[in-house]
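User: I have a model open and want to learn to read it feature by feature. Can you take me through it?

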Amino acid sequence: MKTLRSKLPVAADPGEFSPFVECACRSLARLCRYVISCRDVQGCVERAPLGIYIQETRRLEELLDAFGARDNAFWAPFRSVSAAAKLASDLLYKVLHLKYAAPFYALFPLDDDFLEATDRAARVLTEVLAEVSDALLEMAREKGLSLPDSIFDDFCSGREVPPFLLPGDRECRLNPEAQRFVADLATAFLNQVESSGIIGAYATACERPLAEAIPHLFCERQLRRSENEFHNLQAEYDTALAGTRTEQRDKGLPYLRGHATVIFHLLELATALSHYYERHVIFCSARGLPVRFLGEERIRELLFDYALNFSVRYLAKARDLCRMLLQKYAEIGSITVPIPVYRGFHVRPSSLVAKIVLHYGTEVTMELDGETCDASSAMDIIRFNEKIHALKRRRLAEEVATVADRLGGDDLMPIFLALLEEKKIILYAGDLQLQDFARVPGETIGEYANRGIARLLATGKIDICSDITVTLRGDLRVLEDIRTLARHGYGEDSFGNNIALPASLIYLRR
């Protein structure tokens, strides 16, 4: 298929393109001078002219790319600087959005002043944008472009800003599913906090050079995925909860929306910075080229000290809020699940169950024969496992007595073979080593066999097959994850080998 470019003749002289670039750069040149003047006078630009700056750089880049500037030796350097101008202006706009919008978000306080840090980031990016603007004007002069010398002042004369807010008098809307959706959204938020891995990766990345952190611990693709997920959480909140009577009555709900929103915008910034580092800085460093405008020091300050730093801290605050909301809006129920096939609730399955409960932060109990334990404590579940083992031994003792009476004789091996054939026990070792296990005078064959069973259990050579189940009570969302875990063998096969967990339990892998 022929494209527009393939139908056009090739210019004999790249300078023939100059009039078209001049036309596309007229407003941008005035905006560049405005940005430079802002840096020199007030330290920061306003959002309105910055928005036009972004539009003009996109328009210029579209023109350059459409007619082959990227692959042309004369115009490629100019295209590179225009791309830097687009990136820097976009980064600054994102930070300015946070500067002006964050005071209206419901956010929990942090030890450090987020707005003050946002101001610092805006000043750094204004300096970067001014440097890029200066380079763009200089490059235009080198290319012989004739551009206006005036400053863009359409938005620089100080427009009036109203000293008031409009009244929030819109009528509340009704959503009968709003309360149920709170728990769904809080659950999705918690799952995203864990699956993103941002908190753990950030702690590691802070101790390493930038080249080791990106893209090995953080990369553009990973950050963009997390950015989109938190944007989805914000959108889902606005669809189901914003303006509802439920939101009006629960003062904690706007904090859920506020944290999803601020994290989304911070991850937007982090994604763009990671993109620049991966696409441009690493490229230049690999070829021994100088890195212009956003060097490693500035990237580290903006990415780690600002965007990811506050993302992690607001994630931690929001995680606590989500657990509180789940306790408040949780739908309580119960499920019955089988015990793990391999040695019951030993360390691994107990830890996984407890990790699920702790992930949601709600109360869940495990019950068996009228006794209960706290399912958020792996140690409590492991201790509870002793009761399960005792119940298994009592039930097997009755089976052993029946088999012993049926078979008769004094040899244990036929009894063990019968139990194996009837799938009452499972064998983990080929050699049971019962030769030196003597029978006590006066002991029945059934008592002798049960004593042998106890010895083999203690040495881990066998286990008792059982259909014992336990009941768990608590938040249905937590119970559903535990049910899924049980369906997948609690992460183990019948011989204790690890097996993969489903995607819905991805947070257990961290």
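This is a predicted model: local features need pLDDT of at least 70, side-chain atom pairs count only at pLDDT 80 or more; totals for chains, interfaces and linings use all residues.

User: How do I read strand pairing, and which strands does strand 2 pair with?

Analyst: Helices (H or I, at least four residues) and strands (E, at least two) are DSSP runs, numbered from the N terminus. Two strands pair if DSSP finds at least two bridges between them. In a regular strand, side chains alternate between the two faces of the sheet. Here strand 2 (residues 365-368) runs antiparallel to strand 3 (residues 371-374), with four bridges joining them. Strand 2 is also antiparallel to strand 6 (residues 469-475), through three bridges.

User: Which residue in strand 6 is the bridge partner of Met-366?

Analyst: Leu-472 is the bridge partner of Met-366. On the strand 3 side, Leu-368 stands opposite Glu-371.

User: Is Asp-369 buried or exposed?

Analyst: Buried means under 20% relative accessible area, exposed over 50%, and partly exposed in between (1.4 Å probe, protein chains only). Asp-369 has a relative accessible area of 59%, so it is exposed.

User: Which other residue has a positive phi without being a glycine?

Analyst: Tyr-490 does, at about 55°. Tyr-490 lies in the segment after helix 17 (476-487). With a relative accessible area of 2%, Tyr-490 is buried.

User: What about the peptide bond that joins Ile-214 and Pro-215?

Analyst: That bond is cis, with omega about 5°. Pro-215 falls in the loop between helix 8 (210-213) and helix 9.

User: How is a pocket found, and how much space lies in the largest pocket?

Analyst: Rolling a probe the size of a water molecule over the atoms shows where empty space is left. The search uses a 1 Å grid over the protein atoms alone. A cavity is a set of points where a 1.4 Å probe fits but cannot get out; a pocket is an open set with protein on both sides within 12 Å along at least five of seven lines. Lining residues have an atom within 4 Å of a point. Grid points are joined across faces, edges and corners, and a volume is the space filled by probe spheres set on the points. In this model the largest pocket holds about 1,100 Å³. It is lined by 32 residues, and those closest to its centre are Arg-79, Ser-80, Ala-83, Ala-84 and His-280.

User: Which helix gives the most to the lining of the largest pocket?

Analyst: Helix 4 does, with 11 residues. Helix 3 (47-66), helix 4 (76-101), helix 9 (220-240) and helix 11 each supply at least two.

User: How do the lining residues divide by type?

Analyst: There are 16 nonpolar, four polar and 12 charged. Ala, Val, Leu, Ile, Met, Phe, Trp, Tyr, Cys and Pro count as nonpolar, Asp, Glu, Lys and Arg as charged, and the others, Gly among them, as polar.

User: How many salt bridges does the structure hold?

Analyst: Side chains of opposite charge can pair when their charged atoms come close. A salt bridge is a side-chain nitrogen of Lys or Arg within 4 Å of a carboxyl oxygen of Asp or Glu. The structure holds 28. Take Glu-56 and Arg-59, at 3.0 Å from N to O. Both lie in helix 3, three residues apart, about one turn of the helix. Glu-56 is buried at 11% relative accessibility, while Arg-59 is partly exposed at 40%.

User: Where are Asp-380 and Arg-383?

Analyst: They are in helix 14 (residues 378-407), and because they are three residues apart, about one helical turn separates them. Asp-380 is partly exposed at 25%, and Arg-383 is partly exposed at 47%. Elsewhere, salt bridges that share partners join Glu-61, Asp-65, Arg-70, Arg-79 and Lys-86 into one network.

User: What is Thr-261 in contact with?

Analyst: Contact means heavy atoms within 4.5 Å. Leaving aside neighbours within four places in sequence, Thr-261 is in contact with Tyr-105 and Gln-234. Thr-261 is found in helix 11 (residues 253-286). At 1% relative accessibility, Thr-261 counts as buried.

Notes. Residues are numbered from 1 along each chain as its sequence is written. Side-chain values use heavy atoms; hydrogens and water are left out.
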